[in-house]
Amino acid sequence: QTHFIFHSPQAKMSRPVQARRLEGIDKNIWVEFVKLATTYSKVNLGQGFPDFPAPEFLREALMRALSGGNHMLHQYTRAFGHPPLVKVLAQFFEKLLGRELDPMTNVMVTVGAYQALFCCFQALVDEGDEVIIIEPFFDCYEPMVKMAGGTPVFVPLRPNPPKDGKLMSSADWQLDPAELASKFSERTKAIVLNSPNNPLGKVFSRGELELIAELCVKHDVLCISDEVYEWLVYDGKQHIRIASLQGMWERTVIIGSAGKTFSATGWKVGWAVGPDRLLQHLRTVHQNSVYHCATIAQEAVAQGFQRELTLYGKPESYFVQLPKELQQKRDWLVQSLDGVGMKPIIPEGTYYLVADISPFKSDVPDVPNSDEPYDSRFAKWMVKNKGLAAIPLSAFYSEAHKNNYTNFIRFCFAKEEATLKAASDILQKWKQEKTSS
């Protein structure tokens, strides 16, 4: 006997399937722009990854770990970080912070800095807590705060162009101390600091960090310090770690990345360093989400750090060589952008350079009453029509402030010379077409 089951149209689910915490955070600039770059770009200076190889010593360490005699490297290791890696990270940060660290409680290894950030927001931010975010900001901070139930509160870096007609530097973008202070209240749980900053390449000065530190101590606020570009600082500038300032160690989680440190972004090895009173809560989130990071990648990164520890401060150290190489690439891109009239803002650190597109705007038609910021339309037009991929600066601003900064796009200069030259050729040709038309 056959039973026929008829599905009535009324039986559809009427209640929303997605959790409320996902409301309004479903859009992601990278998904859209990576797809555009893959489809159209001849030259991709969009997403922040090097197209040159990771250093040989790191690749060799991975090969050794892979083919060596220790078959346990193919199995689980300690959930909160492979012992050789947390040990060498603790030794490294003891040097950098001038304090003793316990590798088991003061360091946690994560799936890239991205997961370290996620652990911070999930572990430390509650419903109704406010989190101060400095604009422009790496775009995941805002949705991650919201997903944890927190409220992002934005404070902008304000540009002060130099009067002498010189090119602007990322140092010319500054916080207004009174404006910053006004954002702190009894609801403020944390501030997110990103120095060196993505997208501007700003390296916060000691004075700026002291201002933030004083406010954190005064209002008993935590600091989530995203320092993934800590080694990529130029022109003899110095990266100052806010956790080393008075009263800040006990309230700061430092976040780092082997991807940016060793030019191996696909390995997804990151870490959080901080006091046990904060890290114990990150461990709870970690053990209930990813639980564990790839053992073999951690082993190779540990060996990379071991090498860097012995060469610390010496000219052959990768942490000394890489910024030198990148500074040359930066200068080269600054010159070629300046040469075609796309005014670059000279970054003090990171992989990135923001440039003013105003002189090229005449090529890209304005759409009146469009919701989409102009720089976003410009970047899409540029990749489709010129084959050059970059990221609009408005992507690094909150919804409310997106339309205040729509004359800039961000380029990544951590690329092979050939890639940068190809980008320069596109811009030169474009400029010639403009002048001849």
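**Stop 1: a charge over a ring**

Select R241 and W231. The charged end of R241 sits over the ring of W231, 5.6 Å from the ring centre. Now select K361 and Y374. Here the charged end of K361 sits over the ring of Y374, at 4.7 Å from its centre. A charge counts as over a ring if NZ of Lys or CZ of Arg is within 6 Å of the ring centre and within 35 degrees of the ring normal.

Some ground rules before you go on. This is a predicted model, where local features need pLDDT of at least 70 and side-chain atom pairs count only at pLDDT 80 or more, while totals for chains, interfaces and linings use all residues. Residues are numbered from 1 along each chain as its sequence is written, and side-chain values use heavy atoms, with hydrogens and water left out.

**Stop 2: aromatic rings**

Rings of Phe, Tyr and Trp (its six-membered ring) pair if their centres lie within 6.5 Å; planes under 30 degrees apart are stacked, over 60 edge-to-face, and the rest tilted. By this rule there are 28 aromatic pairs.

Select F137 and Y141. They form a stacked pair, 6.4 Å centre to centre with 25 degrees between the planes. F137 is buried, at 2% relative accessible area, and Y141 is buried at 1%. Buried means under 20% relative accessible area, exposed over 50%, and partly exposed in between (1.4 Å probe, protein chains only).

Jump to Y397 and Y405. This pair is stacked too: 4.5 Å centre to centre, 10 degrees between the planes. Y397 is buried at 1% relative accessibility, and Y405 is buried at 12%.

**Stop 3**

Most residues other than glycine have a negative phi, and most peptide bonds are trans. Select E135 and P136. Their peptide bond is cis, with omega near -5 degrees. P136 is in the loop between β3 (130–135) and α5. Helices (H or I, at least four residues) and strands (E, at least two) are DSSP runs, numbered from the N terminus.

Next, S195 and P196. The bond from S195 to P196 is cis, with omega near -10 degrees. P196 is found in the loop between β7 (188–194) and α7 (206–219).

Go to K268. Its phi is positive, near 55 degrees. K268 lies in the loop between α8 (258–261) and β10 (269–273). Is K268 buried or partly exposed? It is partly exposed, with a relative accessible area of 37%.

Then T350. Its phi is near 75 degrees, a positive value. T350 lies in the loop between β11 (343–345) and β12 (352–356). T350 is buried, at 0% relative accessibility.

**Stop 4: the largest pocket**

Select K27, N28, I29, E399 and K402. Of the 27 residues that line the largest pocket, these are the closest to its centre. The pocket has a volume of about 800 Å³. A pocket is an open set of points on a 1 Å grid over the protein atoms alone, where a 1.4 Å probe fits, with protein on both sides within 12 Å along at least five of seven lines; lining residues have an atom within 4 Å of a point.

Finish with the helices. α1 (29–40), α5 (141–147) and α12 (374–386) each supply at least two residues of the lining. Which helix gives the most to the lining? α5 does, with five residues.

Conventions: Points joined across faces, edges and corners; volume = space filled by probe spheres on them.
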